[in-house]
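This report walks through one structure, chain by chain and contact by contact. The sequence and the coordinates come first.

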Amino acid sequence: MPKIIVEIMPKQDLLDPQGKAVANALVRGGNKDISGVRIGKRIELHFDREVTEKDIEEAKKQAKEFLSNDVIEDVVAVTVEN
Amino acid sequence: MRIGVITYPGTLDDRDAQRAIRLAGGTPVPLWHADDDLKKVDAVVLPGGFSYGDYLRCGAIAAKAPATKEVIKKAQQGLPVLGICNGFQVLVESHLLPGGLIRNEHQHFICRDQKLRVENNQTDWTNLFEKDEEIIIPLKNGEGGYIATDDTIKMLEEENRVVFRYLELNPNGSMNDIAGLTNERGNVVGLMPHPEHAVEPGFGPDTAVATRSGIDGLKFFQSALKALVNS
Amino acid sequence: MFKNKNQPSGVDTVENAKSEPDKDQPWKELGLKQDEYESIKEILGRRPTSSELAMYSVMWSEHCSYKSSKIYLRQFGEKVTPEMKKHLMVGMGENAGVVDIGEGLAVTFKVESHNHPSYIEPFQGAATGVGGIVRDILSMGARPVAVMDQLRFGAPQDPDTTRVVHGVVDGISFYGNCLGLPNIGGETVFDKVYQGNPLVNALSIGALKHEDLQLAKATNPGDLVILFGARTGADGIGGVSVLASETFGDEGPTKRPAVQVGDPFAEKVLIECCLELFHAGVVAGIQDLGGAGISCATSELASNGGKGMKIQLKNVLLRDESLTPEEILMSESQERMCAVVPKKKLKDFEKIVNKWEVEYSVLGEVIDEDRLYIDWGHEEIVNVPPRTVAHDGPVYDRPVEYPKYQDALNADSSSKLKRAETEAAAQLMELISSPNHADKSWITNQYDKYVMGNTALAMPDDGGMMRISEETGLGVALATDANGKYCYLDPYEGARQALAEAYRNVAVTGAAPRAVTNCLNFGSPENPEVMWQFKQATAGLADACQELGIPVTGGNVSFYNQTGETAIYPTPVVGVLGVIDDVARRVPSGWQDDGNNIYLLGTTYDELDGSAWAKDLHNHLGGRPPKVDLQKEKELASLLYGATQQGLIEAAHDVSEGGLGIAILEASLRFNVGARIWLTELMERDGVNLTAALFSESQSRVIVSVGREDDVKFQALCEARGVPVLRIGVTDKENQAVDIQGVAKLDLAAIRGAWAGVLPGLY
């Protein structure tokens with residue numbers, strides 16, 4: 001199934017409480033070399049047909065305006081998997 | 001005075017907000033998210049809850065609803081708008097207020113009677129409070145940590161747009177203990193705590209006098225009515 | 001798989017069942033016994049199809065059929081007088097009982113277990129437990145208005161307890177908060193006996209107008225059977241994979257999840273949608289889908305209405321197209337409801353569900369025949385009398401045996417434990433900072449208690465209270481209790497005590513107790529000693545209900561709560577519902593005013609067997625549990641009701657686990673107002689020593705605080721009602737301390753520190 005994949009991460013300089021909690025748990029579990037964890041989102045847009053350039057443009061727009069909140073998040077990648 | 005309360009799928013505190021408006025002396029008008037007709041209301045409350053299950057981000061999907069789009073338009077023209085909890089999240093997602101709200105620092109949902117300080121009593125929703133008045137109203141959220149860039153925080157502080165600050169305990173890790181904000185004009189206010197749960201003796205927070213007798217939230221709605229009369 | 005309409009799809013049809021009568025079937029793997037399988041064949045006059053086998057196996061399971069408990073549960077219906085049934089609009093057997101509370105209003109309430117799923121996957125297990133009980137309440141036509149939960153966890157320090165506590169509390173918090181239902185109370189108990197079998201019971205209460213009552217039955221032939229809400233997916237059908245493997249031949253069993261995943265947003269929308277459907281009068285019958293999914297909903301609706309149904313299973317909207325018919329029938333996907341809708345109301349139905357963006361599909365219709373037909377495309381895969389699936393399952397009179405350990409257990413009294421009276425204060429502090437008596441707000445602060453704006457009382461008060469009518473203040477109070485230790489020592493007496501305590505906890509709020517629900521958590525019914533416990537507990541509860549004059553309206557049984565040979569303590573959670581004409585008269589569990597007199601109502605006996613003092617401080621459990629005198633309970637409740645009606649009581653707190661000492665500390669911590677207490681008169685009057693005065697768990701006792709102006713009236717009232725009353729202290733706002741004369745002056749801040757830090761420290 002062709003799909004567009006949008007990856008979103010919390011902004012680098014902002015607190016990511018989820019990531020912090022997971023990092024603490026990992027370190028407690030013995031993974032001493034892990035210096036940090038950040039947790040983002042992967043969103044898949046599925047198509048029943050080939051993905052076009054126009055779809056990608058639209059996806060990038062939606063990724064910026066709706067799928068992410070640019071106050072707290074960054075869109076780090078918009079990719080296509082056919 | 002007619003104050004609208006928008007119900008989105010997943011809204012929970014809409015009936016509570018309507019009750020609060022009624023107890024304050026206003027007429028509550030139920031509004032439906034899919035309807036862009038605001039029924040000529042004089043002010044709007046975006047109530048608490050989990051609109052659209054808080055999926056994607058809290059308030060993000062509700063911010064795109066037809067009724068919200070109307071609210072955004074009218075708010076820019078001065079319509080008093082109060083966003084409570086999820087409603088605050090909608091205001092932030094709609095860019096009527098700056099910043100963002102993220103998962104509580106301690107990772108848990110928290111429900112408690114929260115002490116706040118009223119930092120700005122010049123808004124449409126706080127004009128009946130004294131400046132620096134300390135009030136107690138319930139707080140209940142899972143994603144109430146307020147964050148913004150340093151520049152935004154600086155601007156908010158300098159322009160006196162922090163309306164409420166958490167006292168004694170910061171329940172969610174919000175920057176600068178920020179509990180609520182207003183826009184430049186003072187007609188749009190958003191906060192995480194729930195004034196509509198402190199409007200009726202017997203059903204509010206405990207006070208030093210009697211069980212569940214706190215009604216500090218009532219002044220929010222009375223302030224709006226006063227602002228409307230004066231305008 | 002064949003798609004062509006004229007070729008067989010590979011499913012096991014009724015036709016196949018007739019033509020291949022000797023085919024081997026995995027009845028054993030599905031949990032059926034040989035004779036149960038034989039009786040299915042007898043009912044049908046042939047072997048069941050694999051779909052029928054799926055339906056019978058799940059509907060005849062212990063969980064759905066109550067086959068081991070049925071003969072005992074009957075007494076809840078039999079030991080009832082017409083007087084007791086006066087307020088009962090719907091009794092046992094429906095999704096939940098319905099109680100008339102006056103003013104044309106009624107409430108429905110029920111408690112149910114979700115123990116096993118909550119151990120496997122604590123978050124989803126607990127979340128879907130809340131979701132399930134709320135749908136039960138909704139299907140009676142009521143708006144759900146509150147939830148409570150009764151939790152039992154393993155040893156507090158065990159690492160696995162941390163996993164379960166976090167998962168369960170997060171799950172309840174996530175689902176209940178997102179549904180917008182205030183959580184108004186419950187219980188949390190730690191004991192290593194629950195290590196491999198935590199108990200997660202969820203209670204919900206709903207309110208309705210009399211005329212809005214809905215029932216789960218299909219009575220009119222021609223009405224449509226509509227499934228709506230979430231789509232059907234592969235939730236909770238791990239058990240049917242044996243059938244899937246059979247259908248798919250060589251491909252091997254499909255991996256299917258054994259747990260269900262909940263979506264509270266979908267349920268919230270479903271609640272609002274259903275209420276709108278009810279009020280529009282478009283629904284003739286409704287059933288929620290829980291355990292056993294479509295198998296249960298179709299067969300019960302048909303059986304309850306004395307009619308049949310013809311269903312096209314291909315019409316079920318699926319989340320996963322690869323599901324087999326057997327899996328669709330057994331799927332436990334959450335947030336689904338099944339409605340019976342008259343054809344001419346279909347348009348109205350569609351309009352409402354479309355407004356709420358809820359998906360639906362018409363599965364079939366009600367027929368005037370005692371038959372449930374289910375087709376898969378053009379093939380018939382089920383053809384059964386619905387009653388045989390839904391109601392005429394097997395009934396067992398399982399062997400019962402007096403436990404071998406019982407006599408030695410009862411002989412092992414706590415009287416041998418040393419009573420160091422000089423250490424009483426230290427013991428009190430140790431008890432208040434033990435996990436079972438410590439502050440539970442780390443848990444309860446994760447639940448929304450405010451939403452809806454009708455919560456008049458919630459934790460940490462003894463019972464939860466909700467306003468039902470905003471016009472008049474009419475409301476209800478609810479409390480649940482179960483002391484597993486007492487029930488282990490004596491299941492008959494322990495069950496009576498659970499009822500007595502819940503009854504008392506309702507009475508202290510100012511409400512009049514009216515009805516009962518229960519969730520009976522026990523070990524394996526195949527163990528005759530467990531069955532003895534069950535027999536004793538149900539008899540104790542039924543007798544006690546009769547004595548108190550309040551009926552059981554419904555409930556739930558959870559068996560097989562055991563790890564290997566070790567069963568949990570018998571834990572019959574009992575919930576009591578009370579009615580209060582105006583919630584403004586509610587009474588909190590702690591004092592707030594200065595200088596009020598503190599009275600102890602009731603008599604203190606030397607009863608330390610099974611107490612917190614024995615178990616939590618001395619790790620001793622043996623002897624006989626405290627005696628329950630229900631006549632005294634009734635008198636006490638009636639006194640409290642009379643006194644609250646006259647507004648004489650400022651605060652009232654039940655004296656139970658931990659005894660008078662713990663009760664006093666809790667009442668002081670409630671609003672951070674101290675007290676001066678003297679116990680010598682009490683010790684003299686009741687002939688008990690200091691340890692018993694502080695820690696005995698004698699029943700029918702309550703502490704109250706009364707304003708000085710009401711003193712004379714209050715004492716006279718006690719005298720008139722024959723309730724023993726003794727002034728044991730006075731509230732003290734000035735001194736931030738609980739000063740127990742001759743024992744110690746305990747600083748409130750120190751008590752709070754010891755009490756509040758325990759759960760946050762552990763979890």
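In chain B of this predicted model, nine strands form an open sheet with mixed pairing, in the order β2-β1-β3-β4-β11-β10-β9-β6-β7. Its edge strands are β2 (27-32) and β7 (134-141) of chain B, each of which pairs on one side only. On average, neighbouring strands of this sheet are turned by 25° against each other, direction ignored.

Strands of a sheet pair through backbone hydrogen bonds, either parallel or antiparallel. One pairing inside the chain B sheet joins strand β6 (residues 110-118) to strand β9 (residues 162-166), both of chain B; these two run antiparallel and are linked by three bridges. Within that pairing, B:L116 stands opposite B:Y166 of β9(B).

Further strand pairings are found in chain C, around strand β17 (residues 512-521) of chain C. This strand is mostly covered, with nine of its 10 residues buried.

| Partner of β17(C) | Sense | Bridges | A bridge pair |
|---|---|---|---|
| β21 (residues 571-580) of chain C | antiparallel | nine bridges | C:N518 with C:V574 |
| β18 (residues 552-558) of chain C | parallel | six bridges | C:C519 with C:N556 |

**Chain C as a whole**

Chain C has 28 helices and 28 strands. Its radius of gyration is 27 Å, close to the 27 Å that the globule rule gives for 763 residues, so chain C is as compact as a globular protein of that length. Along the principal axes, the C-alpha trace of chain C spans about 90 × 55 × 45 Å. Of the 763 residues of chain C, 59% count as buried. Among contacts in chain C with a separation of 6 or more, 85% are between residues 24 or more positions apart.

Where in chain C does C:I367 lie? C:I367 belongs to strand β11 (residues 360-367) of chain C. Not counting residues up to four places away in sequence, C:I367 touches C:P221, C:K307, C:G308, C:M309 and C:K310. C:A425 is 58 residues from C:I367 in sequence, and the two are 72 Å apart in space, C-alpha to C-alpha.

C:G291 sits in the loop between β8 (285-288) and α11 (293-305) of chain C. C:G291 is also partly exposed, with 18 other C-beta atoms within 10 Å. Leaving aside neighbours within four places in sequence, C:G291 is in contact with C:H63, C:C64, C:C296 and C:E332. C:G291 and C:R143 are 148 residues apart in sequence and 22 Å apart in space, C-alpha to C-alpha.

**Contacts between chains**

Which chains have the most contacts between them? Of the two pairs of chains that touch, chains B and C have the most contacts. There, 27 residues of chain C are in contact with 26 residues of chain B. On the side of chain C that touches chain B, at least two residues come from each of α8 (159-179), α10 (264-279) and β14 (455-457) of chain C. By class, that side of chain C has 13 nonpolar, nine polar and five charged residues.

The contact between chains B and A takes 16 residues from chain B and 10 residues from chain A. On the side of chain B that touches chain A, β5 (100-102) and β8 (145-147) of chain B each supply at least two residues. By class, that side of chain B has five nonpolar, six polar and five charged residues.

Chain A and chain C do not touch, and their nearest C-alpha atoms are 13 Å apart.

**Confidence in chain A**

The mean pLDDT of chain A is 89, and 100% of the residues of chain A reach 70 or more. Where pLDDT is low, the predicted coordinates should not be read in detail. Within chain A, confidence is lowest in helix α1 (residues 17-28) of chain A, at a mean of 82, and highest in strand β2 (residues 41-46) of chain A, at 95.

Key. Residues numbered from 1 in each chain as written. Chains lettered and ligands numbered in written order. Predicted model: local features only at pLDDT ≥ 70, side-chain atom pairs only at ≥ 80, totals over all residues. Helix = DSSP H or I, 4+ residues; strand = E, 2+ residues; numbered from the N terminus. Contact = placed C-beta atoms within 7 Å. Pairing = 2+ DSSP bridges. Axes fitted to C-alpha atoms, helices over the stretch in contact; angles between N-to-C directions. Nonpolar A, V, L, I, M, F, W, Y, C, P; charged D, E, K, R; others polar. Buried ≥ 20, exposed ≤ 12 C-beta atoms within 10 Å, placed from the backbone. pLDDT = per-residue confidence, 0-100. Rg over C-alpha atoms; globule rule 2.2 N^0.38 Å.
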